[in-house]
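Hello,

Here is the structure we talked about handing over. My notes follow below it.

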Amino acid sequence: MLESVSQFNLGDIMKRTLLALTALTSVVAYGGDFIQWTDTSASLLYGTGFEVDPEDQTTVTLEHANGWKYGDFFWFNDFIYYNGDKNGFGDDAAYYGEIAPRFSLNKMTEKDLSVPFIKDWLIATCYEYGSWVNTDKYG
């Protein structure tokens, strides 16, 4: 069953996401060799003429990427506001995000497993979540 997302719930989700992002980025200060690099950004997009959902939308995007001892990590979350309008489900806001850690076989084994044209072997995973989606992928 699909659940509706209200503006209040989206605000609560955004607060929790910001708290998690702050905790994640603060690990760098104490990570030693575990966290090797990090990059975090926030952006605001306003657009009109969308063919899906209401025509006018404002999106706040938070994203974070880092390299760590056993691979790398990417995460983002979009908070979408319909600027006073509602989507097809009757919601005035929505959210969508992905969590995608990758595990490097070179880093995990501490060996160079490269072959011509392949520098590293990665186990890639992805979890997608949002107002109407929750899926996981790996490979």
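Strands β1 (residues 35–47) and β2 run antiparallel and are joined by twelve bridges. Within the β2 pairing, Ile35 stands opposite Trp68. Please keep in mind that this is a predicted model.

On its other pairing, β2 meets strand β3 (residues 71–81), again in the antiparallel sense, over eleven bridges. Leu62 stands opposite Asn77 of β3. Two residues lie between β2 and β3, and the two strands form a hairpin.

How much of strand β2 is buried? Eleven of its twelve residues (57–68) are, so the strand is largely enclosed by the rest of the structure. The cut-off behind that word is a relative accessible area under 20%.

The chain has 139 residues, of which 34% count as buried. If you look at contacts between residues at least 6 apart in sequence, 51% of them join residues at least 24 apart.

One surface feature may be of use to you. Leu113, Val115, Phe117, Ile118 and Trp121 make up a nonpolar patch, and together they have about 510 Å² of accessible area. Phe117, a member of this patch, sits in the loop between α2 (105–109) and β5 (122–130). Is Phe117 buried or exposed? Its relative accessibility is 89%, so Phe117 counts as exposed, the cut-off for that being over 50%.

The backbone has two entries for your list. Phe117 comes up again here: its phi is positive, about 75 degrees, although the residue is not a glycine. Asn83 also has a positive phi, near 50 degrees, and is likewise a residue other than glycine. Asn83 is placed in the loop between β3 and β4 (93–104). With a relative accessibility of 39%, Asn83 counts as partly exposed, because that value falls between the 20% and 50% cut-offs.

Regards

Terms used:
Residues are numbered from 1 along each chain as its sequence is written. This is a predicted model: local features need pLDDT of at least 70, side-chain atom pairs count only at pLDDT 80 or more; totals for chains, interfaces and linings use all residues. Side-chain values use heavy atoms; hydrogens and water are left out. Buried means under 20% relative accessible area, exposed over 50%, partly exposed in between (1.4 Å probe, protein chains only). Contact means heavy atoms within 4.5 Å. Helices (H or I, at least four residues) and strands (E, at least two) are DSSP runs, numbered from the N terminus. Two strands pair if DSSP finds at least two bridges between them. Patches are made of residues with over 30% relative accessible area and no salt bridge: like charges are joined within 9 Å, nonpolar side chains (Val, Leu, Ile, Met, Phe, Trp, Tyr) within 5 Å. Accessible areas come from the Shrake-Rupley method with a 1.4 Å probe; for residues, only the protein chains shown count as cover. A salt bridge is a side-chain nitrogen of Lys or Arg within 4 Å of a carboxyl oxygen of Asp or Glu.
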